[in-house]
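Here is a short tour of side-chain contacts for you to follow in your viewer.

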Amino acid sequence: PALGSSIHYSASADRLRKLLQEGPLKLTDLREAPEKFFAAHSVLSEYATQVGPGFGIRFTVQFNLFAGTIIALGNSQQVAALSEMQASGKLGCFCLTEKLAGVNSGLVVNTTCTWDESKQMFLLDCPDAGAYKNWISQGLSADLAVVIANLIVKGKPKGPHGFLMKLREDGQLVSGVTAKDMGDKTIGNDLDNAEISFSKVWLPKDALLDKYAGIQGGEYVQKEKGVSNMDMIGQRLYTGRTVIAGSTLVFARSLYRSAKNYADNKKCWSPQGGMSLSSVPQLAHLYAQTDKELSRVEALSRVVESKLCECLRNDKIPDNKLVEMVAVLKVKAIETSISTCFKLKQELGSYALMGGTGFEKLDYLQCCKFAEGDSRILMQKLTRDRLQAFAKSPSGEGKEAEACMKLGMSLKSGGKQAWNDNFELVYGIADMVMERIVNEANPQASL
């Protein structure tokens, strides 16, 4: 709590530099001891109702998005460099999201990085303002950046790749880079968010994170068949979605715990004498119902985290089933937390309007809703994947199978427009898929 949410972002950044140098966690823990990363993020989430999301987001950007991408995509020398970065307190950011490819666009990358054989260097460039990197957390204080850009070799695009670059030297942006503050936010102003652009920035050959693909003899070479850079970049998003989901569950539990402590001790008038606010029937019912709802999603969270830790330790790409479970977890955790916390707010009267109660931090959940995969985009992906599987092998029982058949017929007759015309059915199928996945993680319990 001493971190506070009202401090300047530079003070928050300095706290992370100190944490790095003191070393209770290593930047390589995401591979060597992933459970420590998840546990640390959970501890930080315990304070979110008091100080907001700023430092927790800063933490996961540093350890998961920045360092995790280097671990996943980098060669042995690049990964080894993380030790020096940590010892010197170097901060990094992760430049993926673009101005015209935000949370409702899916994964689109228009920033380019072109290989120049004569110079033996890469030229990093945003071709237009729409390709500027947007909402980059820690972007105003980072010394280094992992930039996701479309690699171009001999005029041919090779898809998104990761590039490690110096963003600042002696506190000043390197030539060709601009960074602009995204502005005041409703929450988390102790975290800097930046719009970052690149205008013809030359990068050395070793900037490319080339564990799986690189430049050899002027040619683009895939070093390991069956593994794409995009798969490994996606690994960071899976980890991020999992910790974000977990943090919202911790937030909801913390808010309910503090509110119940207040309500247990708040006396209300009754004909039989004083009674506690917690004994009001609708509030007591909400406590019990919310506990059931959160417990169901927490069970899925434990399963996902365990399976993801195994993948991280063994440098494995999650299979399609785990990818689906991660998407379900993120949506269900956030939507359940938003719903239950809003219901609690409606039952506690003026207390929910007071500063310091945690209710003023509810935009934390809004922040989590669109970070690293918007709920609506993930739900559409769940339906798309379910429909593709159903087309290959019609399976399932009851309403889910019927809904897949109905949407499939609509798409067959109406084309792509039918997807938008039937948006309620699209999201309805996703809801059914999510409920099934949550039930599978709770074989002994159901609402």
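**Charged pairs and rings**

D14 counts as partly exposed, at 45% relative accessibility. In this predicted model, D14 makes a salt bridge with R17, at 3.7 Å from N to O. The two residues lie about one helical turn from each other because they are 3 residues apart in helix 1 (residues 9–22).

Salt bridges

- The count comes to 28 salt bridges.
- E195 and K99 meet through their side chains in a salt bridge of 3.4 Å, N to O.
- This pair links distant parts of the chain, 96 residues apart: E195 belongs to strand 10 (residues 193–198), and K99 to the loop between strand 1 (92–95) and strand 2 (112–116).
- E195 is buried at 11% relative accessibility, whereas K99 is partly exposed at 41%.
- E440 and K321 also form a salt bridge, with their closest N and O atoms 3.2 Å apart.
- Here helix 14 (residues 423–441), which holds E440, is linked to helix 9 (residues 320–347), which holds K321, and the two residues are 119 residues apart.
- Through shared partners, salt bridges join K321, E324, R386, E400, R436 and E440 into one network.

Aromatic rings

- The whole structure contains 8 aromatic pairs.
- One of them is F37 with F38, an edge-to-face pair at 5.5 Å centre to centre and 65 degrees between the planes.

Charges over rings

- K119 places its charged end over the ring of W202, 5.1 Å from the ring centre.
- R376 lies over the face of Y427, 4.3 Å from the ring centre.

Notes. Residues are numbered from 1 along each chain as its sequence is written. This is a predicted model: local features need pLDDT of at least 70, side-chain atom pairs count only at pLDDT 80 or more; totals for chains, interfaces and linings use all residues. Side-chain values use heavy atoms; hydrogens and water are left out. Rings of Phe, Tyr and Trp (its six-membered ring) pair if their centres lie within 6.5 Å; planes under 30 degrees apart count as stacked, over 60 as edge-to-face and the rest as tilted. A charge sits over a ring if NZ of Lys or CZ of Arg is within 6 Å of the ring centre and within 35 degrees of the ring normal. A salt bridge is a side-chain nitrogen of Lys or Arg within 4 Å of a carboxyl oxygen of Asp or Glu. Helices (H or I, at least four residues) and strands (E, at least two) are DSSP runs, numbered from the N terminus. Buried means under 20% relative accessible area, exposed over 50%, partly exposed in between (1.4 Å probe, protein chains only).
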